[in-house]
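Please walk me through this model in the viewer, one selection at a time, and say what is found at each stop.

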2 protein chains.
Amino acid sequence: MTTKDEIINLADSLIRDKGYNAFSFNDISKAIGIKTSSIHYYFPTKSDLGISVIKEQSKRFNILIKELADKSPEVKLEEFFNMYAQIKSDNKICLVGSLATDFNTIDKTVKNELKKFAEQILNWVTEILTEGKEKNIFSFQVNVRTKAIMIISNMLAIVQLSRLTNNDDFEAVKKAIIIELKQN
Amino acid sequence: MTTKDEIINLADSLIRDKGYNAFSFNDISKAIGIKTSSIHYYFPTKSDLGISVIKEQSKRFNILIKELADKSPEVKLEEFFNMYAQIKSDNKICLVGSLATDFNTIDKTVKNELKKFAEQILNWVTEILTEGKEKNIFSFQVNVRTKAIMIISNMLAIVQLSRLTNNDDFEAVKKAIIIELKQN
DNA sequence: AATATACTACCTATTAGTAGATAGGCAAAT
DNA sequence: ATTTGCCTATCTACTAATAGGTAGTATATT
């Protein structure tokens, strides 16, 4: 892995662990053993690094979407949940939730990249639910986009909330979503 | 309003606007026109201020619970949603979501206070749903506590997520939750 | 007189960011 | 084959701003 990729991965991890405003170039510097000035060589500003972190996640998300293209809506949704299960088991939160909290403090350029990433996620989940409903695998009364937002919301929030309540709550919520989608 | 209350209210507002690590004693100092050292007179450390913010919200929440004690589950839930509608219209996020994001950076004492507050909220929503189910007003298959977490999650996350998507999404999610609770 | 509330002045640590030096590798020109 | 020069990646050393926090003092209220 190149130093640049190492920096991006570490920044990603720190943002989802401590939040955007709590992580510093010094954290990364210490962790990978180069000076902060060397990080500025790759990323002139913190915003540049933030943007790269979002773009990297977006890239990986896109790869996942393509890999699962011919799978069933159930499998796709299960894989979507698995993303958050991984986040939970790392005691982290998701990038969108972390940066949404800090939204009013981040640069416009970072905001725009984040909006694009959130839209990408929302579009995919909406597609999964649409396909699932058409094939009578999933059942729900409300608008598809709204249902997609609700499921994403549940995942986004449960990784945050279960830091305060109980780690088991993640699994319970995941199962409950599936039960409700399959009822009737 | 006393200076102390003014500081608490402003800190609350700043935490829910920018996040715990992005607000400073200087922000408050400028806003209410006293020196930062004067804020330290009331709150020796930032953690002390953070704890007071949580305790104040908890106090107000408790008052709301008592005021609504003899109301129907529907009214109670509606009022619960109204809390978040207010947050959304202020373009803020909820305290629990904000501090959950910064959880790994806050003092143990703040963490404990936050956990207590989250439990208080969870208990109330669980009670509302239990009563609603008993009286056949609400209908859901999954465990009551889990359902309560899901509804809180939806609120916690939608105020964050709709910063990136669309402000109208809040109202859509709120209505969808009610529809789903009343189906069958 | 005592207490509450505010102030001035200061401290140390950390932040993001910059300027300039250095060293090694690679490739084209001599 | 050697030199020249550029590019990449790192360093040292620095800056200005801001952070949370402290000590001691002044003022106002009770």
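A residue counts as near a molecule or strand if one of its heavy atoms lies within 4 Å of it. This is a predicted model, in which local features need pLDDT of at least 70 and side-chain atom pairs count only at pLDDT 80 or more, while totals for chains, interfaces and linings use all residues. Residues are numbered from 1 along each chain as its sequence is written, chains are lettered from A and ligands numbered from 1 in the order in which they are written, and side-chain values use heavy atoms, with hydrogens and water left out.

Begin by selecting DNA strand D, which is surrounded by 16 residues, the closest being A:K35, A:S38, A:Y41, A:Y42 and B:K46. Of the atoms of DNA strand D that come within 4 Å of the protein, 64% belong to sugar and phosphate.

Now turn to the two protein chains, where the contact (heavy atoms within 4.5 Å) takes 45 residues from chain A and 46 residues from chain B. Between chain A and chain B there are 4 salt bridges, a salt bridge being a side-chain nitrogen of Lys or Arg within 4 Å of a carboxyl oxygen of Asp or Glu. To see one of them, select A:R145 and B:D169, whose closest N and O atoms are 2.7 Å apart.
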